[in-house]
Amino acid sequence: MERDVQFIGQSTAFLDAVERASRAAAVRRPVLVIGERGTGKELIAQRLHHLSPRWGEPLITMNCAALPETLIEAELFGHEAGAFTGAVRARAGRFEEADRGTLFLDELGTLSMAAQERLLRAVEYGEIARIGASRPVQVDVRVVAATNADLPRMAEEGRFRADLLDRLSFEVINLPPLRAREGDVYELADYYGRRMASELEWEAWPGFTPGAVAVLEAHAWPGNVRELRNVVERAVYRWGNEHEPIARIVFDPFENPWRLPSAEARPSAAPVADGDVGKPVLPPPPPPSFSFSSSPSSVPSGAGLRASVEAYERGLLVEALERHRWNQRRAASAIGLTYDQLRHCMKKHRLAEPARTQD
């Protein structure tokens, strides 16, 4: 497959989803792809098309959320000249463009009920009618749809046609989020890092320090693979030193140390002690960046990469927690994690607040 549509990963959850897509490719039935943003729904649609008998025919993609409701039907099914204001000439829709091939409908849950009704007829009978036309047209199109919405619940609430859902769900492929793909964060980071280094014409790939790897693996990745790619490529680009392992990771490119704090977070909103009256209120310090040495003292000598990363990460957590007397929110803020991320790391390393003795 092409360079930009390669599947990178070794986790069981990820490989199971890819295998299911490979098996479904040979069947001309509709397929639903369910997954969070950035999990690779469009890549799965491309795999379904390229491994199918239709691989030599068109693969047409349409994002249902990118168009206003008034234009979605015209975009899907086409229109005749004069069918509505602005329709100066006849135009074929996406179904006709995808004839004998595959039509990928992204963000399916945003379709209007009227468009869903027309889509049902197209999927069920292979029959469409342009807006303003008096006769239907037969098309041979395989529909692959993707969404992150809970379509069964939407059907129960009357916001999605249950009969259309039944017709589209011959096969449902659930893509795992990156946080559930054990071991894949490092594989993906190394892949995208090498690609970016090649684009920058570096002579060699220096890799990441163990601390940087630990930070990458501890992140929750709400944007999944798309977010990881941006973070890694930005880290390589900003590092600029092809001879030293990358040690600085910036998750939020909008970090601004000069941004005024929000009303909820302003120090002036906190209670002021009597002795502090009249003293200037200083803004909070800027959020920390992650920068680690490549050979921390907490890593046991002779340990493998994975064990070294685990030991280093655990040492960081213990040190931060002890420094802040096991106040988890303060410790999380000190090392640049959210509270939930810290809790996840503590569970991963089986860390619990030590029992306090009473006097």
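Trainee: Which elements cover the buried residues of helix 5?

Mentor: In this predicted model, the cover over the buried residues of helix 5 includes helix 3 (69-77), helix 4 (94-97), strand 3 (102-106), strand 4 (127-128), strand 6 (142-147) and helix 7 (162-168).

Trainee: Which residues of helix 5 are buried?

Mentor: An α-helix has 3.6 residues a turn, so residues three or four places apart point the same way. In helix 5 the buried residues are A115, Q116, L119, L120, A122 and V123. Just after this helix comes G126, which has a positive phi of about 65°.

Trainee: What span should the 13 residues of helix 5 have?

Mentor: At 1.5 Å a residue, the 13 residues of helix 5 (residues 113-125) should span 18 Å, and this agrees with the end C-alpha atoms, which are 18 Å apart.

Trainee: How do helix 11 and helix 13 cross?

Mentor: The axes of helix 11 (residues 305-323) and helix 13 (residues 339-348) come within 11 Å and cross at roughly 120°, and the two helices are therefore oblique to each other. Their crossing is left-handed. On the helix 11 side the residues that meet the partner are E310, E313, L317 and L321, while helix 13 brings L342, C345, M346 and K348. Sorted by class, this contact has five nonpolar, no polar and three charged residues.

Methods: Residues are numbered from 1 along each chain as its sequence is written. This is a predicted model: local features need pLDDT of at least 70, side-chain atom pairs count only at pLDDT 80 or more; totals for chains, interfaces and linings use all residues. Side-chain values use heavy atoms; hydrogens and water are left out. Axes are lines fitted to C-alpha atoms, for helices over the stretch in contact, and angles run from 0 to 180 degrees between N-to-C directions. Helices (H or I, at least four residues) and strands (E, at least two) are DSSP runs, numbered from the N terminus. Angles under 35 degrees count as roughly parallel, over 145 as roughly antiparallel, 65 to 115 as roughly perpendicular and the rest as oblique. A crossing is left-handed if the near helix is turned anticlockwise from the far one by less than a right angle, and right-handed if clockwise. Contact means heavy atoms within 4.5 Å. Ala, Val, Leu, Ile, Met, Phe, Trp, Tyr, Cys and Pro count as nonpolar, Asp, Glu, Lys and Arg as charged, and the others, Gly among them, as polar. The expected span of a helix is 1.5 Å times one less than its number of residues. Buried means under 20% relative accessible area, exposed over 50%, partly exposed in between (1.4 Å probe, protein chains only).
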